[in-house]
Amino acid sequence: MGENDRGEFRRNRRLRWTPGMRNLWRETRLEVDSLMYPLFAVHGSGVREPISAMPGLEHLSVDELRREVVELAELGVRSILLFGVPAHKDPLSSEAYDPDGIVQRAVRAVKEEVPDMVVATDVCLCQYNPAGHCGIVRDGVILNDETLPLLAKTAVSHAAAGADLVAPSDMMDGRVKMIRAALDERGFEHVPVMSYAVKYASAFYGPFREAAHSSPRFGDRRSHQMDPPNRREAIREAKSDLEEGADVIMVKPAMAYLDIIRDLRERFDAPLAAYQVSGEYSMIKAAGRMGWLDERAAVLESLVGLRRAGADVIITYFAKEVARWAREGIL
Ligand code: PBG
């Protein structure tokens, strides 16, 4: 082991001595082109309100969002994932599928400002109802089948506003099938579904719930999101979403689920996305700010690790910063 046939040890360090050599033999590369940047749209104008649990990120009103996407495009960020914080919440989550809802307005504005920005939208109800749940709630139960038509309506309204991709994150069973059928029926057969196929019930979503005002009022999301200890179940979830018509499957969160990313990469040939979620972002940010680690190095290491695990695309709140570093030749 480690010896050649003359009984000498192998000099693995030969390919590591200089930056040039390391760069040449690098097996995995990180490119801004494969990063997608999440953004949070709010009503109003002139709003740029910092999200305290996610330093460096802000709630943006639609006018500010226009400025933001122009800046992103200049930096080389070519795709975004939009979330909306609605003006009001009701039990049927009506703003989720309102043609004039916050996400729909945001999509139209972004596509107007930067037509070739790839705009994905998060399809879920949790921001839009007072219970803060991903589906319709009756007697304390999150209903599955009753929720599906509302998700389909939401996805269609996003496509009608000009979304390039719809990304259901609700984890109701059968939603990909329902959304696909609804899109096709309305003439949006060209709009792909990026399904949050493998989404675990994770503590790492904590900061996002402040960002999206989507904390559940009661209970948790464990009746629909996956149980973190499960690995084989991820294969079943991905398989059923692909059978239902998903074009892209996603694993979320990312860092604690690298084995799952690798499993899906090896098992399926579908494009695979990994979502480095809010808690993963905030942990690195917090430790960086405390001076406990080198933030930039930690960010790049965390992202290249996801690519190495097998992710084609990474959804990350660091995308804008990474694009800046790429500009400076640091990647
Ligand atoms: C909505 C949704 C969530 C996230 C993305 N879409 C929150 C949740 O499921 O509780 C989390 C994103 C993040 O933490 O960055 N269902």
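Predicted model: local features only at pLDDT ≥ 70, side-chain atom pairs only at ≥ 80, totals over all residues.

1. With a relative accessible area of 25%, Arg66 is partly exposed. Its salt-bridge partner is Glu112, and the closest N and O atoms of the two are 3.2 Å apart. The pair links distant parts of the chain, since Arg66 belongs to helix α2 and Glu112 to helix α3 (residues 102-113), 46 residues apart. Glu112 is exposed, at a relative accessible area of 58%.

2. In general, side chains of opposite charge can pair when their charged atoms come close. The count for the model comes to 23 salt bridges.

3. Another salt bridge joins the side chains of Arg78 and Asp33, again listed from N to O, at 2.8 Å. Arg78 is in the loop between α2 (62-75) and β4 (79-85), and Asp33 is in the loop between α1 (19-25) and β1 (35-42); the pair therefore ties together parts that are 45 residues apart in sequence. Asp33 counts as exposed, at 52% relative accessibility.

4. Glu321 is part of helix α11 (residues 319-327). Leaving aside residues up to four places away in sequence, Glu321 touches Tyr281, Lys285 and Glu295. With Lys285 there is a side-chain polar contact of 3.0 Å. The C-alpha atoms of Glu321 and Val77 are separated by 9.8 Å, although the two residues are 244 places apart along the chain.

5. Helix α5 (residues 175-185) has a buried side. Its buried residues are Arg175, Val176, Ile179, Arg180, Ala182 and Leu183. They lie on the same side of α5 because they cover an arc of only 165° around the axis. The face turned away from the buried side carries the exposed residues Lys177 and Glu185.

6. What covers the buried residues of α5? The cover includes the strands β5 (118-123), β8 (165-168) and β9 (194-199), together with the helices α4 (148-161) and α7 (232-244). Just after α5, Gly187 takes a positive phi of about 85°.

7. Helices α8 (residues 258-267) and α10 (residues 295-309) pack at an angle of about 35°, and their axes are 8 Å apart. On the α8 side the contact is made by Leu258, Ile261, Arg262 and Arg265, and on the α10 side by Gly305, Leu306, Arg308 and Ala309. By class, this contact has four nonpolar, one polar and three charged residues.

8. His224 is located in the loop between α6 (206-212) and α7. Is His224 buried or exposed? It is buried, because its relative accessible area of 9% falls under the 20% limit. Apart from residues up to four places away in sequence, His224 touches Cys134, Ile142, Asp170, Met171 and Met172.

9. Some backbone values deserve a check against the model. Most residues other than glycine have a negative phi, and most peptide bonds are trans. Met171, one of the contacts of His224, has a positive phi of about 65° although it is not a glycine. Met171 is in the loop between β8 and α5 and counts as buried at 4% relative accessibility. His213 likewise is not a glycine and has a positive phi, of about 50°. His213 is in the loop between α6 and α7 and is partly exposed, with a relative accessible area of 44%.

10. The peptide bond that joins Lys252 and Pro253 is cis, with omega about -10°. Pro253 is found in the loop between β10 (248-252) and α8.

Notes:
Residues numbered from 1 in each chain as written. Heavy atoms only, no water. Buried < 20%, exposed > 50% of the residue type's maximum accessible area, 1.4 Å probe, protein only. Helix = DSSP H or I, 4+ residues; strand = E, 2+ residues; numbered from the N terminus. Arc of directions from axis to C-beta. Contact = heavy atoms within 4.5 Å. Polar contact = N/O pair within 3.5 Å; in protein donor to acceptor, adjacent residues only side chain to side chain. Axes fitted to C-alpha atoms, helices over the stretch in contact; angles between N-to-C directions. Nonpolar A, V, L, I, M, F, W, Y, C, P; charged D, E, K, R; others polar. Salt bridge = Lys/Arg side-chain N within 4 Å of Asp/Glu carboxyl O.
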